Amino acid sequence: MNAGRPLGGMPVRRVVVRGPSMSPALADGDTVLASRGVPRVGDIVLVTWDARPGQLSVKRAVRPVGGGWHVEGDNRFGSTDSRTLGPARVHAVVRWRLWPRPRRLQGLRQGPKAL
C-alpha cells in the first residue's frame with residue numbers, strides 16, 4: 001500500500017486490520033472497506049503519521065487538531081496513536097467491515113475504550 005496515497009486513484013480501498021489496537025470494534029485480520037470522505041468525531045479512519053512514513057493505521061477519530069486529527073485506538077493498552085505520535089493525516093473513512101461478520105461501521109461512533 002502506498003502511504004502517500006492510500007487509496008491510489010480509486011474512491012474505495014479494501015484494508016486488512018493488523019493488531020489489537022481497534023478491539024473490540026475491529027479485530028486482527030478483519031477486512032474493512034475505506035472510502036474518501038470527511039471524517040466526523042467517532043468515525044473509524046485510515047491514517048498516516050509523518051513520524052512513521054509508509055505506515056497506514058486504522059484508528060478512531062477523536063477530534064480535529066490543527067491540520068490533522070487526534071486519533072486513538074479503541075484498545076488504549078494495545079495502541080500506538082496520537083497520544084504518542086501527535087496529529088494524524090486522515091485519508092479515508094472506514095465504512096464497512098467485509099470479513100468476518102459483514103456490517104456497516106458508519107454510525108458506530110463511540111469513544112476509545114479501555115479493556
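**Figure 1. Arg60 stands opposite Glu72 in β5.** The model is predicted. This view shows the pairing of strand β4, residues 57-65, with β5. The two strands run in the antiparallel sense and share five bridges. They form a hairpin, with two residues between them. Gly66 sits in the turn and has a positive phi of about 55°. Strand β5 covers residues 68-72 and is mostly covered. Five of its five residues are buried.

**Figure 2. Arg60 and Asp74 meet in a salt bridge through their side chains.** The N to O distance is 2.7 Å. The pair links distant parts of the chain, 14 residues apart. Arg60 belongs to strand β4, while Asp74 lies in the loop between β5 and α1 (82-85). Are the two partners buried or exposed? Asp74 counts as buried, because its relative accessibility is 0%. Arg60 also counts as buried, at 0% relative accessibility.

**Figure 3. Glu72 and Arg76 form a salt bridge.** Their side chains meet at 3.9 Å, N to O. Glu72 has a relative accessible area of 9%, so it is buried. Arg76 is partly exposed, with a relative accessible area of 35%.

**Figure 4. A salt bridge joins the side chains of Arg89 and Asp50.** The structure holds six salt bridges. In this one, the N to O distance is 3.2 Å. Arg89 lies in strand β6 and Asp50 in the loop between β3 and β4, so the pair ties together parts that are 39 residues apart in sequence. Arg89 counts as partly exposed, at 44% relative accessibility. Asp50 reaches 61% and therefore counts as exposed.

**Figure 5. Strand β2 pairs with β1 and with β6.** Strand β2 covers residues 31-35. Four of its five residues are buried, so the strand is largely enclosed by the rest of the structure. The pairing of β1 with β2 is antiparallel and spans five bridges. Here Val16 has Thr31 of β2 as its bridge partner. β2 and β6 also pair in the antiparallel sense, over five bridges.

**Figure 6. Val45 of β3 and Ala92 are 5.7 Å apart in space, C-alpha to C-alpha.** In sequence, 47 residues separate Val45 and Ala92. Val45 is found in strand β3, residues 44-48. Its relative accessible area is 0%, so Val45 is buried. A second pair, Gly37 and Arg95, is 58 residues apart in sequence and 9.9 Å apart in space, C-alpha to C-alpha. Gly37 lies in the loop between β2 and β3. Gly37 is partly exposed, because its relative accessible area is 36%.

**Figure 7. The largest pocket has a volume of about 240 Å³.** Which residues are closest to its centre? Of the 15 lining residues, these are Val16, Arg18, Leu56, Ser57 and Val58. The elements that give two or more residues to the lining are β1 (12-16) and β4. β4 gives the most, with three residues.

**Figure 8. Trp96, Leu98 and Trp99 make a nonpolar surface patch.** The patch area is about 340 Å². Trp99 has its place in strand β6, residues 89-99. Its relative accessible area is 57%, so Trp99 is exposed. A cis peptide bond joins Trp99 and Pro100, with omega of about -20°. Pro100 lies in the loop between β6 and β7 (103-104).

**Figure 9. Ser23 and Pro24 are joined by a cis peptide bond.** Omega is about 15° for this bond. Pro24 lies in the loop between β1 and β2.

**Figure 10. The chain comes to one helix and seven strands.** From the N terminus on, the elements run β-β-β-β-β-α-β-β. The chain has 115 residues, and 43% of them count as buried.

Key:
Residues are numbered from 1 along each chain as its sequence is written. This is a predicted model: local features need pLDDT of at least 70, side-chain atom pairs count only at pLDDT 80 or more; totals for chains, interfaces and linings use all residues. Side-chain values use heavy atoms; hydrogens and water are left out. Buried means under 20% relative accessible area, exposed over 50%, partly exposed in between (1.4 Å probe, protein chains only). Two strands pair if DSSP finds at least two bridges between them. Patches are made of residues with over 30% relative accessible area and no salt bridge: like charges are joined within 9 Å, nonpolar side chains (Val, Leu, Ile, Met, Phe, Trp, Tyr) within 5 Å. Accessible areas come from the Shrake-Rupley method with a 1.4 Å probe; for residues, only the protein chains shown count as cover. A salt bridge is a side-chain nitrogen of Lys or Arg within 4 Å of a carboxyl oxygen of Asp or Glu. On a 1 Å grid over the protein atoms alone, a cavity is a set of points where a 1.4 Å probe fits but cannot get out, and a pocket is an open set with protein on both sides within 12 Å along at least five of seven lines; lining residues have an atom within 4 Å of a point. Grid points are joined across faces, edges and corners, and a volume is the space filled by probe spheres set on the points.
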